[in-house]
Amino acid sequence: MSSSPLSKKRRVSGSETKTGSHCSSSYSVRTELSHTPANVSALLKETELSHTPANVSALLKETELSHTPANGMAKNGNVAEIDEGLYSRQLYVLGHDAMKRMQVSNVLISGLRGLGVEIAKNVILGGVKSVTLHDQGVAEWGDLSSQFYLREEDLGKNRAEVSQIRLAELNSYVPVTCYTGALTNEYLTQFQVVVLTNSTLEEQMHIGDFCHGKGIKLVIADTRGLFGQLFCDFGDEMTVYDTNGEQPLSAMISMITKDGAGVVTCLDEARHGFESGDHVTFTEVQGMTELNGCQPIEIKVLGPYTFSICDTTSFTDYVRGGIVTQVKMPKKVSFKPFSSSISEPEFLLTDFAKFDRPGQLHVGFQALHAFEKKHSRSPKPWNQSDADELVALAGNVNAAQSGSAKQDELDQSLLKKLSCVAAGDLAPVNAFIGGLAAQEVMKACTGKFMPIVQWLYFDALECLPEAEETVLTEEECAPKNCRYDGQIAVFGSKLQDLLGKQRYFLVGAGAIGCELLKNFAMMGLATTEGEVIVTDMDTIEKSNLNRQFLFRPWDVTKMKSETAAAAVKQMNPSIHITGHQNRVGPDTEKVYDDDFFEKLDGVANALDNVDARMYMDRRCVYYRKPLLESGTLGTKGNVQVVIPFLTESYSSSQDPPEKSIPICTLKNFPNAIEHTLQWARDEFEGLFKQPIENAMQYLTDPKFMERTLKLPGAQPLEVLEAVYKSLVTESPRSWEDCVTWARNHWQCQYSNNIRQLLHNFPPDQLTSSGAPFWSGPKRCPHPLEFSTSNDLHMDYVMAAANLLAQAYGLQGSSDRANVAKVLQEVKVPEFTPKSGVKIHVSDQELQSANASVDDSRLEDLKNILPSPEAPSKYKLCPIDFEKDDDTNFHMDFIVAASNSRAENYDIPPADRHKSKLIAGKIIPAIATTTAAVVGLVCLELLKIVQGHKKLESYKNGFMNLSLPFFAFSEPIAAPKHKYYDNDWTLWDRFEVKGVQENGEEMTLRQFLDYFKNEHKLEITMLSQGVSMLYSFFMPAAKLKERLELPMTEIVTKVSKKKLGKHVKALVFELCCNDITDEDVEVPYVRYTIR
C-alpha cells in the first residue's frame, strides 16, 4: 500500500456530474474516508489468516450505502466487516487485512470492450470499495466477439452504460457507476487505482505521468488479436506486505549453538524449507530464552535441517525445545512513470521460449499506436500493405529510441503478424490479460503479492494455422457485420464455421466451468449444428457467487448446470447448450455411453477432484477424444492439453500422495493445530455419523450382523459396542439427556483421558536413552477443568448436545442460560487413572499390537442388543459434515473441540475462519486466476478445432499470479512401447470383433488362439476390470469348463453382473509372452460385442 493516495480525504458521489452523463446502480455512495495510514506498521504480518487489530478497524470509517441492495445480499454497514459467507474462498487467498484494504479503494476502469469488461468483472467480484466504468464509445459488431455483457440489440449504445447494469449485479457490496465524460486530471483524483484499456499512447503518457505525480496507481492493459500487453506503475515506493502468499513456515528445534552466528538445527522429521534472507522468530525455547519473542532475525541456510542466526555467544545455554517461525517482512518496490519506463522498460517474461519477443513487441505496440494515429483505424486484417507500413513505422519508432528499448534488429515476420491480427478481438486473450490485470489492481489496492515490474507482453501465435502455405486472405478475414467479426479478423470465416459445428462435453459448472461457458459463447462454439453438454450435480451456494460469475444471489439453491446454461444463452442466444445433473462415473455410463462419446469432438474438465479427472481422462483415452484439463489453487493455475496419438494423458503423471498425520500423533501427541482439527473432524464422524449409520443398518438391514462378524480383528466388537451405545446406553430421550451426554463426553476427552495419559507417562518421564519423554514433537498436556463461565467449554456443550439431538430426532436449543442451569444438575462421575492401560507411542507399536478379541463380550452383545424388529421407536439421522452453514453447529463443534484440545497441549488456537479452511479442506480460490487459466484453455481449444498436428503447437501452462510467474511448455509426447517390431502408446489397442461371421460369439479358446495365430502372443493372464477371466495357473477343471464358454458369459459369471444394453464393447487387459517365452508389455483389447 503506497502512502500518498490513501492518506487523502476523498469525496465520491453518484450524483456528482462532470462533463458527460453519469449513471449509477441502484444505490450511490457518499463517503468521507480517512484511509488506513500506510505505516499501519510493518508488524501487521499478513499471513493468509490473520485479522486486523481492533485499532486499525477503528481507523476504517463507515461507508454508508444509500439503499439496501435489491438482490438480497446483506449490506455491509461497516467497511471493516467482511461477508465471510460470500468472500470465504477469496479470503483464504488474500487474508482479512488485504480484503479490508481493498474495501477502501475506488477503482476507475476506462474502456469497456472485451478486455475492460473482463477486468471490471474480476475487480467487482473481488470486493473493492467502488468501481467506475468509463467509455465514450458505442457498441459495434467487433466488440461482440468478447464483450460478454453487450448484446446485438445494444449496438450503437454507450458500452459503459449498457455494461454497468449487468456488472452491478455481480456484487451488491460494490457500487458500480459509469461515466462518459473526459478523463480530466480533476476527475482522476478521486480514485486510488486507474485502469486504462483501449487508450491512445498520448492518453497513456499524460495520465501515466499525472497519476505517478499524485500517487494514484496505474494499470494499462491492451490486447490486439493474439497479442497482449500489460503495464503497471504503483508509485515511487510501494510497500508489499506479502511477496508470495504462502503460509509462514515453522519448524521444531533440536539444538542451538553458542556462536558468532548461532547454528539452529531442526528436528529431522521434515526439512525446514527456509531460504537465506528469510526472517524468523522463536517461541518455547528452553534455556536460550533470549530468543523467545525476539524481533525478526535474518537467517542464512546451511542445510535442509540447519541455518545460522545472530551472535548467540552472550545468550544462556540452550537446553531443549523451541519452535522457529518465518516472519513475512514488508518489501519496498519502486516504479518508474510511464514516460520514462517506455524507453527503459523492465520486462516480465511470460514464456521462456520467447525471451526476445517482449522487446520486439514493445516497439511493435508503439508502431500500432502510430499507425492508428495516422489512419484513425487499426491495420486491416491480413492486409499486406498495412503490414509493410507497420514494419516501416516500427523502424521509425526503433530509430527514435535512445534507451534500452532500442532493438538491434527488428523481427519483421513477427511485426507483420501483429499487423495482420491487430484488428482482432479474442475472448480467450482478453480473459488471460484481463485476469492478470485485475490481479494487479488487487495488488495495487492491498500490497498483497509482488506486482508486475513493469511491462508484460504475451502472444499466442501458435493458434494460427500450422502450415505456412495456408496464408489467410484479406477477403476471408474481412468484417461480416456479425458478432464474431473480432475472431474472424484473426482466423477467417472457415474456422468460425467449424467452431459452430463442435460438440463438446463440459464436466463441471463451477468457477472454471462458468468461465469456459462464457468463452465458448463468445467464440461461437456449438452455435450452428453443434452442442455443448454441461453436467454438474451441485446446487449453487452463497460462497460460489464470489467467482462463479454466471450465478446471482437469487440463484442460490438452484442447479448449477441449468443456471449456467441459461446465463450463457443470454450472452449468445445462438449457442446450443444442454444442462445435465449427473455425476460422471461408472454409474452414469448408460447415459454417457459409446454413442454419446463417439459423437463428441472433445471434452473440457472443470472438476474439483483428482478421481473424477482420472476417470474422464480414461474415458477420453478410450474414445480417443481431446481433453482440456485445468485447475487452480489460490493464485496458482495450470492448463494441460491431452491430444489423441500425440501427447501423454492426464493420468500419465501423478502428484505424490499427501502426507497423512500418524494415528498416534492424532490420538495422544498432537503438536500443531492441524492435528487437533483433524482429531475434531474424526470426533465428529465417530460421534454423529458412523455409529448412527451402523445403528440404522443394524435395525433395517438383515445382513448387517453377518457382514459385521466377518470384519477382521477387533472391528466386530468395536462396531457392535458402538451400536449398543447408540441404541441403549447413550441413546438420549430428551434435550437434558443430550446436555448431560455432552458434559460427560467433554470430561472424558479433555480431563480423564489426559489424566490417564499423564499417569502412563508422567511429565518428568525419561526414555530408555535418558532423554525426556515429553520433548521434541511430544508436547506435555495438562487436563482442563470445566467451567460454565468459560465460553469455549460452553460452545462445546451447546454444539455437541445440539448435534446429538439432531442425530436422534430430538428438538435442540440455543438457550445458553438454560444449558448452564441443566449443567448445574449434572453429576459427573469421579475418575481415577488406572494402571495397566496400554497407550501406544508410535504407529509401528500400534500395528504390531495384536488386538485380542473378547469372544464372550461379543456373544453378550449379540444377546443384549435390542431386536431389529423395532426401528420405528428410533428416529435416527446420521449427520454429514457441512462446513458452509453457520447455523448447523458443525463448525461450532469442530472449533470448540479442536481449540479445547489445543489448550490441553498448549498449542495456539485457530479462529473459526482458519479452522474451516483446514477441517473443511477448502481450496482457496479467486476469480482472477480462474479467468486467466480458462483464457489459456480456450487458446488450446482453437488449436484443437483447427486440427493442429505438431506437438510444439500446443502449450501446457503453469502460473502463479502472486509471484508473478509463468511457464509454458510443449506437452510431453505419449511414451512409446514396443513388442516385436510394433511401436505402441497408450492411445493404441487391439481391436477384436467378438461376434464371428457365423453370428456366434468367440469362446475363450478361440480368443487365446486368435492372439497366438494373429499376433504371435501367448496370453498368460486375461482380466476385465477387477475380474480375472483366465490365468495359466488356473485349476485344470475350471479351465476346461471356461475354454468352451463365450467371452461375455465368462465376464458375467466372474463379475456376477449383467452386461447393460448400452455396452458395445468390453476392455480386456492382457499379460503375454512372446515366442521366446519372454514377458512383453502389450496394449489393451477392445472386444466389440454389438
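**Notebook: loops, sheet and cores**

I started at Pro-964, which lies in the loop between β28 (956-960) and β29. Helices (H or I, at least four residues) and strands (E, at least two) are DSSP runs, numbered from the N terminus. The peptide bond from Leu-963 to Pro-964 is cis, and its omega is near -20°.

Notes on the source. This is a predicted model, in which local features need pLDDT of at least 70 and side-chain atom pairs count only at pLDDT 80 or more, while totals for chains, interfaces and linings use all residues. Residues are numbered from 1 along each chain as its sequence is written, and side-chain values use heavy atoms, with hydrogens and water left out.

**Other backbone entries**

I looked up a cis bond between Val-453 and Gln-454, with omega about -20°. Gln-454 sits in the loop between α13 (427-446) and β21 (455-459).

Asn-198 has phi near 60° and lies in the loop between β8 (193-196) and α8 (201-214). Asp-906 has phi of about 55° and belongs to the loop between α30 (890-904) and α31 (912-919). Most residues other than glycine have a negative phi, and most peptide bonds are trans.

Are these residues buried or exposed? I use buried for under 20% relative accessible area, exposed for over 50%, and partly exposed for in between (1.4 Å probe, protein chains only). Asn-198 is partly exposed at 44%, and Asp-906 is partly exposed at 45%.

**The sheet**

I traced an open sheet of eight strands, in the order β24-β23-β22-β25-β26-β27-β28-β29, with mixed pairing. Strands count as paired if DSSP finds at least two bridges between them. β24 (577-580) and β29 (965-969) are the edge strands; each has a single partner, so one side of each lacks a neighbour in the sheet. From one strand to the next the twist averages 10°.

I followed β26 (residues 627-633) on both sides. It runs parallel to β25 (residues 602-605), joined by two bridges, and Val-603 has Leu-627 as its bridge partner in β26. With β27 the pairing is antiparallel, over seven bridges, and Gly-631 stands opposite Asn-638 in β27. β26 and β27 form a hairpin with two residues between them, and Gly-634 in the turn has a positive phi of about 60°.

How many residues of β26 are buried? Five of its seven are, which leaves the strand mostly covered. The chain passes from β25 through α20 to β26 in a right-handed β-α-β crossover. Right-handed here means that, with the strands pointing away from the viewer, the path from the first strand over the helix to the second runs clockwise.

**The cores**

I looked up the nonpolar cores, meaning sets of buried Ala, Val, Leu, Ile, Met, Phe, Trp, Tyr and Cys residues joined through side-chain atoms within 4.5 Å. The largest has 166 residues, and Phe-520 is one of those that touch the most other members. Helix α32 (residues 927-946) gives the largest share of this core, 12 residues. Which residues does Phe-520 contact, apart from neighbours within four places in sequence? They are Leu-525, Val-532, Ile-575, Ala-604, Cys-938 and Leu-941, where contact means heavy atoms within 4.5 Å. A second, separate core of 73 residues includes Leu-687, Ala-807, Val-819 and Val-895.

Note on methods:
Axes fitted to C-alpha atoms, helices over the stretch in contact; angles between N-to-C directions.
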